[in-house]
Every structure is written in C-alpha cells, then in structure tokens.
Amino acid sequence: MIAEKRSVAFAIAQALGGVRQGDGYVSARGALISWAQGHLVELSDPEEYSDMPWSAHKWTMDSLPIDPKSWRWRLSGAKVATYPRTDSKYITHDDVDGLKELLQPKYALGFLDQKPVEAIHDLYSAGGFDPIRCVADDKVQGHTAILPTRRLTYDVFQHDLTDMEREVIAVILTRMWSACATDRVHDTVKVEAVLDERHADGSMERVPLSASSDVTVEAGWTAIEGTSRTDDAEKKPVNRIPDSLGKGPLPQSGAPSLTEGVSAPPKPFTEATLLSAMEHASRFVADSDLKAALDDDTSHSGGIGTPATRAGILESLVKSGYLQRKGKQLRSTPAGRMLVGVAIDELKDVKLTAQWEQSLADIEQGKGDETVFLNEIRTACAAMPGRVMEMTRRDNLQQLVRQAGERESFGPCPRCGKPVVKTGSVWQCSSNKSVKDDAGAWKLSEGCGYKIFAEKFGKKLTDSMVRRTLEGKRPKVSGLKSKAGKTFDARLVPDRQYGIGLSFDDLNRKKK
C-alpha cells in the first residue's frame, strides 16, 4: 500500500495494529505501507466531467451545485520538489539519507549564484553541514519541509524549467543548505540608560532609554542565505556600541524633543498577514466551544484551509479578478466586493467553518453521523443559487454589479485618449473590440488598436510600470535586454505604434 504521506501511512498502520517501522515503510499485520512525497492523484476539474451539465466552460446558475455522485481522479504530474504546500520546517529520520545525498556541492554549483556557492564550498570543506539539525519527527504532522527530488538535475534545471520555477528551486536549495549549516556566532551588547528630564514646574521625570548592537563573529548559515538576498538591510546604518562605554553618568548632548503623533488605521493585508489571519481564524470567533474546535489541530489543520490550500485560495482569488496585488498589499476589486455582496451571510462568517470542524470532530469520536452531515451540506448548497438570485435584486448589489463591470483605467490611450484597461495579461485601449475570423484567430473589429504586451525588451511589465508610463512619469527600468542579449537601463515612455517605447534621457535623474 502507498499512502500520500508519512503521517497517513503511520495512521493506517496504527489502525491495523502491530506496527513495525522499516526503512521507508511500516508493516502492520502482514501489510507493507510506504508513502509518497505528495499527491499521486488529485481530484479532476469540473470540466473533465464531460457528461455533466456543469462541465461546459460557461456554466449557468441552473447547473449548480456541482455535486458529482461519483468523484473522479487524475494522476499528478512529476515534480522536482517535494509537496510544496506545507508549513513544516523539519524532516523525519526517514528523510536523512535523502538529504545527505542532496547536501553535495553539485546541488549548489550551477543552481545558485557565485557568492552562496563560495560560502557553501567553504562550509562544506570545514564539515559545516549536518542534516540531523533539521530532524524533528514529532514536529512533522503531515508533509515534511520542502526539499528537491531526485528528478532535479542540472539539465532539468537549465532546460525544462521556466525562469520563475528556477528562482523557486534556487530558494528551496538555498534554504536547504542554510538549515543544515552551522549556527551564526555573534556578540550582542545592550545598553540601558536613564534620562533625567526637568519640567517647567521644576519636577523631574526619569525617562528610560536603551540601545543595542550585534556584531558577527562567525557567519555560519548567514554566509549562504545572507548573500542570496538583496542588500537593502546592509544599506541601513549599523548601530555599534563603543567598547569604551561603561557605567556612570553621561553629559547631555542636546535638548530633548517631543514628537506628537496619531494612531494609524489598520494596514491593508499583505499575502503573509492574510495567510496568518486564515491560520489563526479563531480570533474572529466569539463562542468558546467553536473557537476551540477551530484551533484543534489533532485531526485537521487549525484555521481556514490547510497549509496546502491557503496560498492556493489567495492565488485563485487573484487569478479570478476578485483580489489584486498593489505592491505587497492585497486589495479587493469591484468584482470581489460584488462577490461578497451576493454571498449569503453564513458563507462570510468563519463560524460556519468552526461548526463544520466541530461536526467532523464529533463524527470522528462516534458522536455524529456522517450521512446526516453530508446531506445537510448538500441541502444547503442546493438552496444557495436561489438565495443568491434573490439577493442580486437589491439596489445596493445592483450598484456593485455596475462597478464590477467598470475596468480599472491605467491612463489615457496615446492614440485616442480613451482609458487603457487590462484584459488578461495585455493592456489595451478600452475602445478595442475583437472578433474571431474563419480561421479562429482574433481580429480587431473596432477601436484604435492600441496595445501593450506583457513583455517588452526581455522584461515582464508590471501594472505599476504601465500606469506610471501612461501618466507621463517615465519610470526608469533596469535589466532590459537588447536583441544581442546585452542588458541596459532606460526610461519607459508611451509609443503610439509599439505601445511602449524607450528614452535614454535623464537616466541619472533623481526622484524628487
């Protein structure tokens, strides 16, 4: 028998009884149970149910809910990394031999930049790597920490992966080497002082002050991971406490100043803070029993979703146009606000997730009925389309629908002056309309035809780049590539013919 992951294999073995652990497998009453490093199969997409009414790409409200009587599966594709959607930071003793194979210089040279490779070579020569540092069987509840698989070779890395996939693998390898390396040894100094402040009325107030410094003695793992990051942190001034500083009074160097401020509103979610809120969703539940059910991770992952699905939920919302990224922040779109507007109240309350988790726990403990629970969900899902249609007739939701239909403008079209909007990965004039010809190709039927494609001069354009360009701000972009493959810097400017053009004027002009 092959289980999805190690924890599932052991759960099956414990249910059978008479568990004996082997090398990469467990035995129980004559059964041999091993495990994969991720899903061997996954649920088929709705489109693959060709005999069902909701298999068409354009589904209707009448075809909902999607509730197959018999679920279908498909094989997962081969991967160059172990199961990626996990929050585990450790491996088990069963994974040590595989990690030892990965801790070879061949998994650094050609995969990582020169500085991390040099740091890895120096530490490797000094015996500075130990895979046991990453082992904690009791902290691996599901999947282990992410590691490369044996399918990852230099040829696969260079020729079979996209640029983005190579960047991800480089991050995985960098963290693998860093996690197994020696500690960073550093000296820290903290100074505490008290400022005697005299007020106008003659009274005295003691104001506590503190400062600290941190000086590296042996870089250890930071020699690898520190060199792979941007140098933004190094540009900040380093606080150093003088060795000559000792106890005793100090002369006042200047007059103290008082700064008055106001409390800022809560910051918009970033991907990291929203994932954390999903993981710790119980903080939004008042009922103590439901809060406990949501936090209970003995048989499920606490919070909304799992480490395997949370990031996928957010990515799906972005791809569907309900969320958009603005810098590091995640912001709702008009379509997203419309979705929240038409959703019935229960679906917008994390209490529903808590109630379901409590019901599942009751079923697991023999206090609930699985059939009753599933039928309740089926009945609720079947009633939802009708409830949603009733809600869409409200005036405030009609306004949300109109707003959702209005696309965000990135600036005026250089050809006709109408707003430039984004459709898929292309920015184009809102006047454009296209139809398919007899050969199935899209042809412009209306509009001025102005378009900006996703990549120009070997560089992927961002919403910010396009917006600033069309606003006439001439953003400076580095890492552009010529036809000869040479990199260069330039400013982006609107171009009536090619969408976006280049300017080499004022390249060294500083922002005001």
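Student: How many salt bridges does the count come to?

Tutor: Please note at the outset that this is a predicted model. Side chains of opposite charge can pair when their charged atoms come close. Here, with a cut-off of 4 Å between a Lys or Arg side-chain nitrogen and an Asp or Glu carboxyl oxygen, the count comes to 15 salt bridges. One of them joins the side chains of Arg150 and Glu101, with an N to O distance of 3.4 Å.

Student: Which parts does the pair of Arg150 and Glu101 tie together?

Tutor: Glu101 belongs to helix 2 (residues 96-102), whereas Arg150 sits in the loop between helix 3 (114-125) and helix 4 (154-160); the pair therefore links parts that are 49 residues apart in sequence.

Student: Let us turn to the sheet. What is the order of the strands in the open sheet?

Tutor: Strands of a sheet pair through backbone hydrogen bonds, either parallel or antiparallel. In this model, four strands form an open sheet in the order 1-4-3-2, and the pairing is mixed. Strand 1 (2-3) and strand 2 (19-21) are at the edges with a single partner strand each, so one side of each has no neighbour in the sheet.

Student: How many bridges join strand 3 to strand 4?

Tutor: Strand 3 (residues 26-28) and strand 4 (residues 31-35) run antiparallel and are joined by three bridges. Within this pairing, Ala28 is opposite Ala31 of strand 4. Helix 1 (residues 6-16) lies across strands 1, 2, 3 and 4, and its direction is at about 160 degrees to strand 4.

Student: At what angle do the axes of helix 9 and helix 12 cross?

Tutor: Helix 9 (residues 288-295) and helix 12 (residues 351-364) cross at roughly 75 degrees, and their axes come within 8 Å. Angles of 65 to 115 degrees count as roughly perpendicular, and these two helices are therefore roughly perpendicular to each other. Helix 9 contributes Asp289, Leu290, Ala293 and Leu294 to the contact, and residues from helix 12 include Lys351, Thr353 and Glu357. By class, the contact of helix 9 with helix 12 has four nonpolar, three polar and three charged residues.

Student: How far apart are the axes of helix 8 and helix 10?

Tutor: The axes of helix 8 (residues 271-279) and helix 10 (residues 310-319) are 10 Å apart, and the helices pack at about 125 degrees. They are therefore oblique to each other, and helix 8 passes helix 10 in a right-handed crossing. Among the residues that meet are Leu274, Leu275 and Met278 of helix 8 and Ile313 and Leu314 of helix 10. The contact of helix 8 with helix 10 has six nonpolar, no polar and three charged residues.

Definitions and conventions:
Residues are numbered from 1 along each chain as its sequence is written. This is a predicted model: local features need pLDDT of at least 70, side-chain atom pairs count only at pLDDT 80 or more; totals for chains, interfaces and linings use all residues. Side-chain values use heavy atoms; hydrogens and water are left out. Axes are lines fitted to C-alpha atoms, for helices over the stretch in contact, and angles run from 0 to 180 degrees between N-to-C directions. Angles under 35 degrees count as roughly parallel, over 145 as roughly antiparallel, 65 to 115 as roughly perpendicular and the rest as oblique. Contact means heavy atoms within 4.5 Å. Ala, Val, Leu, Ile, Met, Phe, Trp, Tyr, Cys and Pro count as nonpolar, Asp, Glu, Lys and Arg as charged, and the others, Gly among them, as polar. Two strands pair if DSSP finds at least two bridges between them. A crossing is left-handed if the near helix is turned anticlockwise from the far one by less than a right angle, and right-handed if clockwise.
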